[in-house]
Amino acid sequence: MELTISKYTWGEKPDVKLPSTQVLALLGEEGIRKLVSDHYDLLVQSEIASLFPKNPVALEKAKENSADFFIQICGGPMYFNKHRGKPMLNRRHLPFSITAAGREIWLTCYREALSATGLPDEVLLTFWQYIDVFSKWMVNSR
């Protein structure tokens with residue numbers, strides 16, 4: 001199955017539909033944590049590596065926060081809210097210059113990490129559609 005990156009138009013803030021809870025049911029918390037960790041491992045080798053922590057301890061904390069978020073939005077415990085408060089991810093990402101090209105790199109790394117999950121296509125697609133649309137909200141620089 002091909003996971004296509006949709007076109008981004010500056011200022012676009014589309015409605016976001018949460019992924020299926022089957023992502024969590026099938027991968028479990030540890031599977032989502034591995035997916036996020038694999039994604040970050042790809043990101044720190046990418047053209048947008050400068051946006052991510054260089055310090056290994058800080059990188060692990062970023063992975064944990066991101067995994068907590070994805071576990072929560074896939075129907076799991078409210079780890080992110082408990083440890084970080086309401087997500088407000090657009091605001092949290094404002095200090096970083098996130099371009100449409102950076103969004104595409106981020107999604108390309110996720111596409112690679114997702115390929116190793118073994119999720120059924122229909123479940124995988126709900127996660128992909130979520131991050132594809134959600135990532136448009138993070139673009140804050142031209």
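Guide: The count comes to 7 salt bridges, a salt bridge being a side-chain nitrogen of Lys or Arg within 4 Å of a carboxyl oxygen of Asp or Glu. This is a predicted model, in which local features need pLDDT of at least 70 and side-chain atom pairs count only at pLDDT 80 or more, while totals for chains, interfaces and linings use all residues. Residues are numbered from 1 along each chain as its sequence is written, and side-chain values use heavy atoms, with hydrogens and water left out.

One of the pairs is Asp68 with Arg33, whose closest N and O atoms are 2.7 Å apart. Asp68 lies in helix H2 and Arg33 in helix H1 (residues 22-43), so this pair ties together parts that are 35 residues apart in sequence. Helices (H or I, at least four residues) are DSSP runs, numbered from the N terminus. Asp68 is buried at 3% relative accessible area, whereas Arg33 is partly exposed at 23%. Here buried means under 20% relative accessible area, exposed over 50%, and partly exposed in between, for a 1.4 Å probe and protein chains only.

Within helix H1, Asp38 and Lys34 are 4 residues apart, about one turn of the helix. They form a salt bridge too, with the closest N and O atoms 2.7 Å apart. Asp38 is partly exposed at 25%, and Lys34 is exposed at 51%.

The side chains of Arg103 and Asp132 meet in another salt bridge, 2.9 Å from N to O. That pair links distant parts of the chain, with Arg103 in helix H5 (residues 100-114) and Asp132 in helix H6, 29 residues apart. Both Arg103 and Asp132 are buried.

Salt bridges that share partners also join Asp41, Glu60 and Lys63 into one network. Lys63 is placed in helix H2 (residues 56-73) and is buried at 7% relative accessibility. Apart from neighbours within four places in sequence, Lys63 is in contact (heavy atoms within 4.5 Å) with Val36, Ser37, Tyr40 and Asp41.

Not counting residues up to four places away in sequence, Asp132 touches Thr4, Ile5, Ser6, Arg103 and Leu107.

Terms used
Helices (H or I, at least four residues) and strands (E, at least two) are DSSP runs, numbered from the N terminus.
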